[in-house]
Amino acid sequence: ASQLGHQCAGEKNAPVSAATALLGGALSYVEEAGIDVADTLVQKEYRERNRQFRVDLEAALGAQQLAEFKEHSAQLRRSYAEAGVLKEGHLDAVRTYAERLLAVFMAACVASDSVMAKLLGEL
């Protein structure tokens with residue numbers, strides 16, 4: 001298994017190590033794919049990639065964690081929509097979203113670490 005897999009499986013300092021490994025794997029994916037990859041896709045490719053992301057995310061998270069993920073995302077969008085711009089007060093909403101997102105992905109990381117890092121990178 002990968003270093004990420006070992007860390008997700010519960011070795012010493014597992015929560016910190018696993019989170020670091022998960023984020024590191026996601027950043028590696030972003031470096032490889034590019035931060036603005038969505039901007040380079042034609043509409044058909046974008047829709048297909050987005051559909052595949054949803055399918056992969058659902059397979060990796062399961063129904064309960066997917067519902068949690070969607071709720072956290074919706075809360076952040078609502079917070080942003082209410083203000084129209086990201087203000088200092090909304091930094092708490094972004095921080096909370098990031099913490100919750102990481103918790104959801106960490107919970108799924110135990111079963112499929114490399115998949116979760118890739119999905120987090122695609123997000």
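## Helices, core and pocket in a predicted model

Leaving aside residues up to four places away in sequence, V30 touches I35 and G121, where a contact means heavy atoms within 4.5 Å. This is a predicted model, so to speak of local features takes a pLDDT of at least 70 and side-chain atom pairs count only at pLDDT 80 or more, while totals for chains, interfaces and linings use all residues. Residues are numbered from 1 along each chain as its sequence is written, and side-chain values use heavy atoms, with hydrogens and water left out.

Back to V30. It sits in helix α2 and counts as buried because its relative accessible area is 19%; the cut-offs are under 20% for buried, over 50% for exposed and in between for partly exposed, with a 1.4 Å probe and protein chains only. V30 and L120 are 90 residues apart in sequence, yet their C-alpha atoms are 9.2 Å apart in space.

A33 is also in helix α2, which spans residues 14-33. A33 is partly exposed, because its relative accessibility is 32%. Its C-alpha atom is separated by 8.6 Å from that of E122, 89 residues away along the chain. Over in helix α3 there's H72, which is buried because its relative accessibility is 13%. H72 touches Y97, R100 and V104, again not counting residues up to four places away in sequence.

| Residue | Helix | Relative accessibility |
|---|---|---|
| V30 | α2 | 19% |
| A33 | α2 | 32% |
| H72 | α3 | 13% |

Now for the whole chain. The protein has five helices and zero strands, giving the pattern α-α-α-α-α along the sequence. Helices (H or I, at least four residues) and strands (E, at least two) are DSSP runs, numbered from the N terminus. Of the 123 residues, 32% are buried. Take the contacts between residues at least 6 apart in sequence, and 64% of them join residues at least 24 apart. The accessible surface comes to about 8,100 Å², with 55% of it belonging to carbon and sulfur atoms; areas come from the Shrake-Rupley method with a 1.4 Å probe, and for residues only the protein chains shown count as cover.

What about the inside? The largest nonpolar core has 20 residues, and those with the most contacts inside it are L22, L57, L61, F69, F105, M116 and L119. At least two residues of this core come from each of α2, α3 (43-83), α4 (91-109) and α5 (113-122). Such a core is a set of buried Ala, Val, Leu, Ile, Met, Phe, Trp, Tyr and Cys residues joined through side-chain atoms within 4.5 Å.

Which residues lie nearest the centre of the largest pocket? They are A38, Y46, R49, E122 and L123, out of 15 lining residues. A pocket here is an open set of points on a 1 Å grid over the protein atoms alone, where a 1.4 Å probe fits, with protein on both sides within 12 Å along at least five of seven lines; lining residues have an atom within 4 Å of a point. Helices α2, α3 and α5 each supply at least two lining residues, and α3 gives the most, with four.

Finally, confidence. The average pLDDT (the predictor's confidence in each residue, from 0 to 100) is 75, and 77% of the residues score at least 70. Helix α3 has the highest mean, 84, and α1 (residues 3-8) the lowest, 41. Over residues 1-12 pLDDT stays under 50, and the model has 19 contacts for them beyond four places in sequence. Where pLDDT is low, the predicted coordinates should not be read in detail.
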